[in-house]
Amino acid sequence: MAAKNGSEAAEEHTSSAEIRSFFDSAPPLKNSLEITDKLKEFLDKNSLSADAGDGRANRIVCVTSGGTTVPLEQRCVRYIDNFASGHRGAASTEYFLKAGYVVIFLYRRGTCQPYCRSLPADPFLECFEFIDESHIKVREPHSEAVKMAISDHQNVVEKGQLLKLPFTTIFEYLQMLQMVATSLRGLGPHAMFYLAAAVSDFYVPWKSMAEHKIQSGSGPLDMSLVQVPKMLAVLRKEWAPFAYCISFKLETDKNILLKKADMALSKYKMHVVVANELSTRNEEVVVVTGDEKVSVCRDKTQVGCDVEDPLIKLLVEKHAIHIVDSCS
Ligand code: PAZ
């Protein structure tokens with residue numbers, strides 16, 4: 001192994017200090033015991049444990065979805081948010097389940113949910129009609145979509161194949177990702193991380209955050225945000241070193257997209273980086289690996305086709321190769 005030069009070692013040292021400081025100062029998860037229990041129950045139910053890491057284990061994927069918020073006050077009234085709707089994560093979850101994976105869906109509260117993508121924005125009020133005290137009817141033209149959403153969701157929930165874990169803030173997200181990753185460590189290459197969430201790049205450290213609502217009336221708001229430590233490298237190196245890791249790279253300038261994806265691939269040692277541009281993200285993505293760049297497009301000739309359909313097929317194939325390579 002090549003010796004690290006001074007600046008590499010310094011960078012690594014800074015980043016582990018930043019990571020420690022992030023976790024030490026983050027407000028502890030209120031429901032961490034509940035999450036631990038849910039994870040354990042889910043893995044047990046699917047016979048996914050360290051003992052099953054012998055080639056017989058099922059494949060499992062942690063799909064992250066939606067965007068994290070950055071609170072500006074401890075008793076949060078205001079926060080910084082981003083655009084992510086959770087569509088990518090919800091659609092991908094459906095295709096992973098269809099491909100036989102069990103899925104841990106780590107999602108932003110209130111964003112798009114698996115099997116609900118074809119329902120209107122306010123499904124409860126738009127899809128149902130009150131007839132009388134004992135009858136509520138599904139309105140046309142929504143009856144087929146409602147039937148499919150309920151039966152598909154019921155099917156995976158009854159089989160125990162889908163675990164949904166909601167987050168809101170960057171603090172919750174990174175702590176939960178760490179919990180999921182370490183609980184999947186024993187599954188080695190059978191575990192996959194599909195990191196589609198748009199994770200905040202800057203945050204206000206808890207200790208320097210105002211406790212109460214920031215008051216207006218005293219001129220412009222002067223606030224300094226620090227960089228969120230890059231957790232992808234830690235995920236790969238420490239939390240789940242044998243898992244198959246896919247991250248996403250989003251840009252609005254397509255001229256820098258592939259270069260940035262290449263950089264993420266080598267810097268964080270991802271197996272795959274999926275590159276997408278904001279305005280075309282539902283039409284086309286580029287799957288970037290060390291060997292190739294494959295453009296994956298939505299089949300526009302088919303009604304209701306998503307770019308996630310061919311994308312997940314391709315990633316499932318690559319994951320299968322990773323499992324074989326890692327076990328041989
Ligand atoms: O959630 P959504 O469907 O609206 O968008 C998906 C996405 C663009 C957030 C995702 O494909 C992605 O690129 N996530 C990583 C973003 C980033 O570079 O941080």
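The structure is a predicted model, in which local features need pLDDT of at least 70, side-chain atom pairs count only at pLDDT 80 or more, and totals for chains, interfaces and linings use all residues. Residues are numbered from 1 along each chain as its sequence is written. The chain comprises nine helices and 14 strands; helices (H or I, at least four residues) and strands (E, at least two) are DSSP runs, numbered from the N terminus. Its radius of gyration is 21 Å, close to the 20 Å that the globule rule gives for 328 residues, so the chain is as compact as a globular protein of that length. The radius of gyration is taken over C-alpha atoms, and the globule rule is 2.2 Å times the number of residues to the power 0.38.

**Overall architecture**

- Taken along the principal axes, the box filled by the C-alpha atoms of the chain is roughly 70 × 65 × 45 Å.
- Of the 328 residues, 31% count as buried; a residue is buried if 20 or more other C-beta atoms, placed from the backbone, lie within 10 Å of its own, exposed if 12 or fewer, and partly exposed in between.
- Among contacts between residues at least 6 apart in sequence, 70% join residues at least 24 apart; two residues are in contact if their C-beta atoms, placed from the backbone, lie within 7 Å.
- UniProt lists residues 178-300 as "domain: DNA/pantothenate metabolism flavoprotein C-terminal", in an unreviewed entry; UniProt positions are given in the numbering used here, feature names are shortened, and annotations may be inferred rather than shown by experiment.
- In the model, the span 178-300 is 24% helix and 27% strand, and its end C-alpha atoms lie 38 Å apart.

**Nonpolar core**

- The largest nonpolar core has 68 residues, of which V103, L106, F193 and I246 touch the most other members.
- Helix 6 (residues 170-184) contributes nine residues, the largest share of this core.
- Such a core is a set of buried Ala, Val, Leu, Ile, Met, Phe, Trp, Tyr and Cys residues joined through C-beta atoms within 7 Å.
- Apart from neighbours within four places in sequence, F193 is in contact with C62, L235, A240, A243, C245 and I246.

**Backbone geometry in loops**

- E140 and P141 are joined by a cis peptide bond with omega of about 10 degrees; P141 lies in the loop between strand 6 (135-138) and helix 5 (143-158).
- Y115, a residue other than glycine, has a positive phi near 70 degrees. This residue is in the loop between strand 4 (102-108) and helix 4 (123-127), and Y115 counts as buried because it has 22 C-beta neighbours inside 10 Å.
- K269 is not a glycine, yet its phi is positive at about 55 degrees. K269 lies in the loop between helix 8 (254-268) and strand 12 (272-277), and counts as partly exposed, with 14 C-beta neighbours inside 10 Å.

**The loop between strands 9 and 10**

- V204 is placed in the loop between strand 9 and strand 10 and is buried, with 20 other C-beta atoms within 10 Å.
- Not counting residues up to four places away in sequence, V204 touches V70, L72, M209, M223 and L225.
- V204 and E73 are 131 residues apart in sequence, and their C-alpha atoms are 8.8 Å apart.
- K207 lies in the loop between strand 9 (202-203) and strand 10 (226-227) and counts as exposed, with 9 C-beta neighbours inside 10 Å.

**R298**

- R298 lies in the loop between strand 14 (293-297) and helix 9 (308-327) and counts as partly exposed, with 18 C-beta neighbours inside 10 Å.
- Leaving out residues up to four places away in sequence, R298 touches N282, E283, C305, D306 and V307.
- The C-alpha atoms of R298 and L311 are separated by 9.0 Å, and the two residues are 13 residues apart along the chain.
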